[in-house]
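Biologist: Please take a close look at one part of this model for me. I would like to hear about a pair of packed helices, and then about any disulfide.

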Amino acid sequence: MFVEKLLKKNRIPREQFKYAAVTILLWVFIIISVSDYLKRELEYHTTVPKILHKTTKVLSSDDIQGSFYKECEAMYIKDGWEVKLWYDDDIDLFMLEHFPYFYDDFKEITPKIKQVDAVRYLFMYRFGGIYNDMDSECIRPATNFINGIEKGSTAWLAGYPEPFFLMSTPGNEFWIFAFKLILQDWKKYNVRSTGGPQGLNRMAKAYVATMGQDSIRPFVMHNQIECDLIEPKGDVVCGDPTFRWIEAKEQFVKSTHEIIHKIGFIPNKLVDPTTCLSRIGSCKKSHCHDRLVVQSSLFVHHCLFSWKSQANG
């Protein structure tokens, strides 16, 4: 009734009013939808998703690596994660579907283990999440940990970059940078220096040298639960930025522009607490999760070197 009087008083045709009202509602809907989309996109590209990746040539429940996997799978699925186990055939399909422009050059890489090492970086770029080697034992889910670290597009590496553990937000350009270096240099280096520990260390340094000091994201932990689990000394001080891999980032040039895609370094205590079990070697080929020394860690790397059997294949 009020609207009718208003329309009459202002001599506004009813159809014109309806059209204007519908147009306004439509624009409100569009603005809200775009806002929600942009918010989701920002969240997607600045948060580590709950996906755990592993690769294997064959999965056997009879060996210790199969046992580690089953334990990890059950633990992470129970905590709401997706677990992706990639076999050799899956890797080819993944490359053809998501990176066809790299496929031919990728297939030239030999031995096969270098391909497996290289594709891990593209898993991080395409999906994000955590990659962990099959000879790593899961101690506890990483949910609280990823909820407590700084948000932003980040390729997270272990304190000394060692690709048995990788963690990332989706779409971080460091992984493409690293993959292209592998395509460029794989004939010059052995397995470890191509996409292995020495290779990843070299690529991380090259990225910071290229992008400048601002390409490093300080490790800051905001989750008090994690702070209580990780003794705040040495390379972990909860709430304060700490560096592990680069002791003096001043050795690198200053960035000349804003760096969106950064790399960061996670304290080794969280992902390799025993440095390949040097301190608790008695459980090297068994489970170590009941050992007090590893209780605050996310993973224990058993360093079984199963990759060596593929180094000449």
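Modeller: A helix axis here is a line fitted to C-alpha atoms over the stretch in contact, and the angle is taken between N-to-C directions, from 0 to 180 degrees. Bear in mind that the model is predicted.

Start with helix H5, residues 100-108, and helix H8, residues 174-185. Roughly parallel would need an angle under 35 degrees. H5 and H8 are therefore oblique to each other. Their crossing is left-handed.

Now the side of each helix that takes part. H5 brings Phe102, Asp105 and Phe106 to the contact. From H8 come Ile176, Phe179, Lys180 and Leu183.

Next, the disulfide. How many does a search of the whole structure find? It finds one. The bond joins Cys72 to Cys138, with an S to S distance of 1.9 Å. The angle about the S-S bond is 105°, and the link is right-handed. Cys72 sits in helix H3, residues 64-78, and Cys138 in strand E4, residues 136-138, so the pair ties together parts that are 66 residues apart in sequence.

Are these cysteines buried or exposed? The cut-off for buried is under 20% relative accessible area. Cys72 has 0% relative accessibility, so Cys72 counts as buried. Cys138 has a relative accessible area of 1%, so Cys138 is buried too.

Notes: Residues are numbered from 1 along each chain as its sequence is written. This is a predicted model: local features need pLDDT of at least 70, side-chain atom pairs count only at pLDDT 80 or more; totals for chains, interfaces and linings use all residues. Side-chain values use heavy atoms; hydrogens and water are left out. Helices (H or I, at least four residues) and strands (E, at least two) are DSSP runs, numbered from the N terminus. Angles under 35 degrees count as roughly parallel, over 145 as roughly antiparallel, 65 to 115 as roughly perpendicular and the rest as oblique. A crossing is left-handed if the near helix is turned anticlockwise from the far one by less than a right angle, and right-handed if clockwise. Contact means heavy atoms within 4.5 Å. A disulfide is a pair of cysteine sulfur atoms within 2.5 Å. Buried means under 20% relative accessible area, exposed over 50%, partly exposed in between (1.4 Å probe, protein chains only).
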